[in-house]
Amino acid sequence: MSLLSFLAAHRGEFLGLLVQHLFLVAISTGAAVLMGVPLGVLAARRPRAGAPIVWIVNAAQTIPSLAMFGFLLPLPLIGGLGARVAITVLIVYALLPIVRTTVAGIQSVDPTLVEAGTALGMTPRQLLRQVQLPLALPSIVAGIRVAAVIGVGTATIAAAVGAGGLGEYIFRGLAMVDPTVILAGAIPSALLALALDGALTLAERGVRSTLTRSGARPRWVIAALVTISIVAIAAAVLARAGSHQVVRVGSKNFTEQIILGEIVAQTIEARTRMTVERRLNLGGTFICDRAIRTGDIDVYVEYTGTAHTAIFRQPADTDPRRVFEAVRERYSSSALTLFDPLGFENTFAILVRGDEARSRGLKTIDDASKQSSRWQAGFGYEFIQRADGYPGLAKTYGLTFRAPPRAMDLSLIYRALADRQVDLIAGDATSGLIEAYDLAMLEDNRRYFPPYDAAAVARSAALLAHPDVRDAIASLSGRITVTDMRRMNHAVDAERRDAADVAREFLARLR
Amino acid sequence: MSTEIAFRDVRLTRGAMDVLRGLSLAIDRGETLALVGRSGAGKSTILKAINGLLTPQAGEIVVRGRRTTEWDPFELRRSIGYVLQEVGLFPHLTVGDNVAIVPRLLGWPEARLATRVRDLLQLVGLPADEYAGRSPQALSGGQRQRVGVARALAADPPILLMDEPFGALDPVTRAELHHEFRRIQSEVRKTIVLVTHDMAEAMALGSRIGVLADGVLIALDAPKAIAESGDDRVRAMLRPLVEASAALEGRQEP
């Protein structure tokens, strides 16, 4: 699908994200102006007190944005998912250019003018308002311009914490390995940055010429900036007010998770009277876990093996029942409820071509190890390296190949198998490509891979308050087979269908 | 004649340097005192001490009957006009608004202010209709200095301090402004303290001349008396003047 037809098909959503994006940038830049200019003035007038201010905003700028979201998520008031934390991060990034240009603007005012103002009898305050600030204004506006342009770029990261904006498309596109969707986010945000840069450059020139040519006082500029800032902040506060009887459903940022998020959300919508807020496409396991602990989401689907090793940092265990019980226990001590598994596992899958499996009667990895010495294997880079990847697998099953395994990109590996470039691969058990290319998954009969059963995790408090939500989520346990999941992934990834539609059709068949 | 400004045994240091070393000086109402000296002789320091930009370490400075330390510094400065060599007109304000600064700080009503700005620009030879709305950047050096004088006179202060006011101008403009200065002074009758490194300018403008060397006043007298001084240091400062007039006389001989 071309970029233009994608945008045409998603016109409404696109405009919504664009407005969200602008909203994030406007509020954060506005707030940064209200905070940064006074800080800059302070720093310029009292260098001793001001040095630490400049030092702190400088240091804050060097923190990678994703890491900053991580720090801020668990904090009260400014933390949490959604626009609030995104705006906080954007303000931090906008402060540096604004504080810096305010300091520079004030310090670069001709000392003769400061002396003249003082000699004429201006108090320090009058000197600041009548001489230093007006003369520093072009420099300050230049700082606002830089801040806004940085903000447009940084705001794309905000999608990782569910704040929306054009970053939604970038993250969704990355998850779907679909360049068109990535570009649908990246190109408009780049254009937006250029447009803002152009508009504010004009404003800056306007201020400069107002200052130097006609001699009119730039009061209106200050008034306009302050008004815009205040309106933007008021709008943000209003937008946050009023949300109750809501269940927030989260998901990580790849196709399967988004489909599962939709399935959970639609099930709750169908079986309860609650309003469901979707916070899908959150930036990974870490962010989902933080979000559910802080109450920013009420439910999402996790994988038992991931929870066991990545969240609770336990040594890998290959017994599915034991892992499930251990994870459920640990969740319950954090006031979180782990539901019974949905019915499928998203684990590593050792795959061969379907025709080969049928003609040779290959069902398990043990079956394959008898033939493998004539084969060429293809694995992802990480799988080849990790001790719990290929080396352990080869040892457990006594696998030998014709040549060392070929390292390949995960997105190409299924096709390479279908095209007979390789004969055995390690893929993803729920990949839609397994059906599409008629591949066969060999059973891990010696249970080498840890279990990755998909199961919903929810906040126990939310379930206590709304037992019907508990029933709704529980109704999904054991209902999604690995074949169902593969088909749905395929429908979204390969057929480019909408995740919500695919989820709806699945649920219709389930009833 | 009453004393407007008095220095009593003033010692003032800036950094490690003694700039004024026990200076005593009385400046009378309505006189134009021209202070002459080389760079670093302490001339500008005297001006800054009068309007409270600098505070002496010892001794006292009395301005219009009150010690500078007793004045509210902003009130003191608003009652003293100040003209700088670099002029220091505010580039973001029009010529008219530059002139109006001190009256605005004093809270004058706009109507009175507008009349005042017109009168002052007229006084310094820049008709308001043509110049009030202009930006200072659109003026020549001499015109800017005229605006600087108008700004200093705006709130009708009894005292006017001028720090090398004509130092950066070309000789023709300078001579023209000297003439203007004497005309304006005859109209407004202010107590003026003017600082210059140029003895010729001091002779041309001062009703009295003070000669400064190393933070000490070495001579204080009427121009004629200064010209006839026997002090070596004063004579050294007069030498360029004498040589210039000798050269002039020499050329007139056939």
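Residues are numbered from 1 along each chain as its sequence is written, chains are lettered from A and ligands numbered from 1 in the order in which they are written. In this predicted model, local features need pLDDT of at least 70, side-chain atom pairs count only at pLDDT 80 or more, and totals for chains, interfaces and linings use all residues.

The contact between the chains takes 18 residues from chain A and 19 residues from chain B. Two residues are in contact if their C-beta atoms, placed from the backbone, lie within 7 Å. On the side of chain A that touches chain B, α6 (111-119), α7 (124-155) and α9 (179-214) of chain A each supply at least two residues. Helices (H or I, at least four residues) and strands (E, at least two) are DSSP runs, numbered from the N terminus. The largest share, six residues, comes from α6(A). By class, this side has nine nonpolar, seven polar and two charged residues. Ala, Val, Leu, Ile, Met, Phe, Trp, Tyr, Cys and Pro count as nonpolar; Asp, Glu, Lys and Arg count as charged; the others, Gly among them, are polar.

Chain A also holds an open sheet of five strands with mixed pairing, in the order β7-β6-β8-β5-β9. Two strands pair if DSSP finds at least two bridges between them. β7 (406-408) and β9 (439-442) of chain A stand at the edges; each has a single partner strand, so one side of each is left without a neighbour in the sheet. Strand β5 (residues 348-353) of chain A runs antiparallel to β9(A), joined by four bridges. In β9(A), A:A440 is the bridge partner of A:V352.
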